[in-house]
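Hi there,

I'm passing a structure on to you, with some notes on what turned up in it. Have a look at it first, then read on.

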Amino acid sequence: MHTIIRLLVYSFSLTLLAKATSSQIDARTPTPGPENPTTIFHVTSGSNENYFYRDNITSGQLLVTSSSTASANITRRLVVALPAGNNGALVYFLPKDQEETGAPSAAPLNVELVNGTIQSTSAEDNNRGIQVDLMFSGNATLGVTIVGAVRAMRDYVEGSGTMHEIFNYTLSSFSSTEIRLHRQYINSTSSSTPSSTNNIRGPKPQPQVFKSVDLYFSIPPGSPARLSIKPSTNGTFTPPAIDILLPTSAAHGYLSSLHSSKPPVSAESHVRVRVLTNETSILGLNVNELFLSPDEASTATIKSVLASLPSDVAEQVSFLTFQEKFTAGGWSFLTYFGRDSLIALRMLMPVLTQNAIETALGAVIERANITGALCHEETIGDYASFVNVGNGRPDLGNTPFYDYKMIDTDLLLLPAMAHYFLELPQGQNQSSQFLAKIATLQNGTYLDIVNRIASYNIIRAMPFFAADPPTPSKLLAFRPGQPVGNWRDSNQGTGYGPIPFDVNVALVPANLRAIGTLLAAGILDVADLDVGQGVDVVAMAKKWEEEAPGMFEVLVDADTAQQRLEEFVQAVSLDASLLANTSTLSNGNVSFYALSLMPDGTPVEVLNSDLSFKLMYGTNVTATFLGHVVDALTPYPRGLLTNVGMVVANPAYDSNRTNVQVLDRTAYHGTVVWSFQQALMAGGIARQLGFCTTLNTTSVDINPPPSPQPTWCTDTDLVQRLQGAQTLLWDSIKGASSNIYSEVWSYSFDNTTDMFSVADIATLSPSGTESDAIQLWSYGFLGLIDPSQE
């Protein structure tokens with residue numbers, strides 16, 4: 001989280017509600033049933049303490065800046081995120097003396113959650129949310145405060161402190177013991193219809209209720225804390241002044257409590273926070289609905305994995321899954337993302353129930369558009385209103401907006417379906433019933449939509465197949481006008497190259513192969529595809545597999561490679577001793593696949609981890625490709641492996657030296673570790689080794705070997721090198737084992753020990769980009785086995 005020195009934007013509207021709804025809430029106690037037990041867990045991530053809660057009323061995540069790991073110059077904050085409408089609140093707390101004088105406080109303001117106080121809460125008009133008590137180390141002033149869309153909160157955090165003024169809140173009511181900050185949806189989307197009558201003696205007309213989000217601060221019984229509110233007299237240019245005031249003895253009591261293992265007694269100096277919304281809460285999948293039981297396992301390996309599944313980790317995955325969709329991660333991405341759902345599904349599928357798998361597949365199919373493209377992100381709630389207004393369609397209200405700009409998501413569904421229906425026990429004989437389902441978000445059956453998706457992807461692959469010879473211009477590039485299109489969701493992430501390696505070398509042929517197997521099995525019928533006569537998708541896949549990789553080939557001669565490495569370690573403040581490991585090629589030359597291609601076909605010469613997609617999704621992987629995998633899985637900076645994980649990009653060899661800064665350790669998709677990429681690489685290697693049936697494998701998944709067996713299986717030297725690379729990868733992964741379920745982290749380097757350590761990317765990123773504490777696809781590790789534990 002970036003430090004905020006000045007408050008640049010105020011999320012506030014001075015207009016008071018003429019007739020504010022009563023601030024008294026229904027404080028009924030949650031009554032979880034046996035199918036929806038209460039789930040509470042805590043995760044420390046970087047400088048943040050994350051608390052998660054789910055019961056039969058609501059689910060939500062609460063984040064506070066850690067008082068033990070955050071540096072004094074980091075502004076303390078509270079984040080609350082609710083999957084319902086993807087709504088929440090973001091509040092920065094400033095020491096009151098700093099606010100008044102502008103001088104740094106003598107001691108940092110700390111804010112902590114009071115143990116045992118997080119719970120669900122509800123109010124009239126179907127409002128539901130999260131309640132918690134906070135304890136402050138001193139008087140505080142509310143800084144930037146955002147109430148409403150989590151996407152607006154994310155925009156502020158990652159946008160260097162800027163936000164559209166349309167997201168201002170209203171000071172609805174206030175007193176010395178309670179304030180209510182109200183956020184009505186942008187276009188006043190109604191959640192009820194006003195009642196009326198012509199009978200003057202009839203019931204009084206009821207006011208119309210609008211979709212909204214509320215943030216309450218209140219003083220619980222017994223707490224001596226007080227609230228001080230001074231409404232603004234300057235319109236929307238400044239917010240109200242809201243102070244949290246403690247008695248003089250409170251700070252001493254707070255400091256004493258830090259040295260005690262006992263929970264705090266009574267409500268001394270506590271402040272209660274509630275965040276509620278009247279968006280519909282969605283029902284979650286509990287652990288038993290999500291994961292198979294050990295008795296349901298089809299293999300001894302899967303049974304062993306399920307039997308040893310940590311209950312706390314299983315609950316974390318459960319928190320991100322719902323009966324209608326999977327969500328990507330918390331707090332920033334507690335909504336549907338197609339790519340995240342499908343990659344996580346591919347890795348976790350062998351240990352998931354039939355219902356969970358079909359929930360994830362169905363959510364993707366439901367959100368396909370009329371062309372057959374798949375949805376990248378579903379925008380819901382108030383932010384959907386904002387997007388619809390911006391698109392000139394305010395009449396749509398908060399109707400969800402579906403984003404189709406990514407080109408990789410389109411290619412991930414059919415490989416997952418083929419794996420499920422044709423290779424896993426859970427999917428056996430299920431295809432007809434599943435594909436006969438009537439879609440609820442659009443017209444047609446699932447089969448109708450899947451045929452459209454398959455046709456769309458075949459047509460996109462046709463120009464490359466038809467070209468003789470094929471050229472880079474026939475590869476799949478980002479959509480016109482879009483700077484992004486694959487998982488490296490940033491212009492810089494692909495080194496500004498719009499033709500990505502993973503899509504063209506791995507996902508296009510894998511998608512074609514999957515269509516071929518579904519056609520051969522009779523699950524799909526070529527007559528139902530809108531692709532013309534005589535299409536041979538297997539021949540198409542074969543040409544992509546043979547021709548596309550060479551277009552990304554990079555070769556750097558030994559002398560140039562060494563010179564660039566030496567320049568690189570100086571530029572990024574590493575030590576030259578790290579270069580002691582020599583290249584695995586006997587002549588010292590370095591060869592690898594480019595991260596992407598520029599529009600003219602010039603390679604972006606960045607060593608990268610996207611080889612993992614070919615390993616996980618490909619069935620016709622060559623010895624040459626596996627050689628590149630072995631070379632990449634060597635110590636950084638020659639390769640990708642540090643002692644705290646595998647970095648996803650290494651620009652050390654790039655002739656374009658500006659990429660050394662563009663893709664450094666502060667960049668979201670730079671020289672940093674993404675946990676899902678490690679899992680995908682580890683799972684992919686295990687999958688490929690499993691195709692050599694005489695070898696022991698660490699794969700939990702069920703992957704029938706291709707026929708005939710890959711020719712490289714008889715290359716003893718290559719197999720041993722691949723197994724050695726697998727061991728090195730797992731050693732790297734285990735160096736940051738406590739982080740593997742989080743989203744992304746960076747590194748710090750100690751020149752005295754030549755060792756790397758985990759660094760919070762939020763403290764390094766110039767844009768304030770931070771890692772989610774839990775990320776759906778990072779749980780792919782639950783479908784893997786460490787080879788050293790076999």
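Which residue in strand 4 does Gln 61 stand opposite? The answer is Ala 81. Please keep in mind that this is a predicted model.

Let's start with the strands around that pair. Strand 3 (residues 59-65) and strand 4 (residues 76-82) are joined by 4 bridges and run in the antiparallel sense. In general, the strands of a sheet pair through backbone hydrogen bonds, and the pairing can be parallel or antiparallel.

Both strands belong to an open sheet of 8 strands, with antiparallel pairing and the order 1-2-3-4-5-9-14-13. At its edges are strand 1 (39-45) and strand 13 (226-230), each of which pairs on one side only. From one strand to the next, the twist averages 20°. A helix also packs on this sheet: helix 2 (residues 150-158) touches strand 4, strand 5 (87-95) and strand 9 (140-149). The direction of helix 2 makes about 130° with that of strand 9.

Now for a pair of helices. The axes of helix 12 (residues 446-466) and helix 14 (residues 537-547) come within 10 Å and cross at roughly 55°, which means that helix 12 is oblique to helix 14. The crossing is left-handed.

Which residues meet there? From helix 12 they are Ile 458, Ala 461, Met 462, Phe 464 and Phe 465, and from helix 14 they are Val 537, Ala 539, Met 540, Lys 543, Trp 544 and Glu 547. Of the residues in this contact, 9 are nonpolar, 2 are charged and none is polar.

Enjoy exploring!

Conventions
Residues are numbered from 1 along each chain as its sequence is written. This is a predicted model: local features need pLDDT of at least 70, side-chain atom pairs count only at pLDDT 80 or more; totals for chains, interfaces and linings use all residues. Side-chain values use heavy atoms; hydrogens and water are left out. Axes are lines fitted to C-alpha atoms, for helices over the stretch in contact, and angles run from 0 to 180 degrees between N-to-C directions. Helices (H or I, at least four residues) and strands (E, at least two) are DSSP runs, numbered from the N terminus. Angles under 35 degrees count as roughly parallel, over 145 as roughly antiparallel, 65 to 115 as roughly perpendicular and the rest as oblique. A crossing is left-handed if the near helix is turned anticlockwise from the far one by less than a right angle, and right-handed if clockwise. Contact means heavy atoms within 4.5 Å. Ala, Val, Leu, Ile, Met, Phe, Trp, Tyr, Cys and Pro count as nonpolar, Asp, Glu, Lys and Arg as charged, and the others, Gly among them, as polar. Two strands pair if DSSP finds at least two bridges between them.
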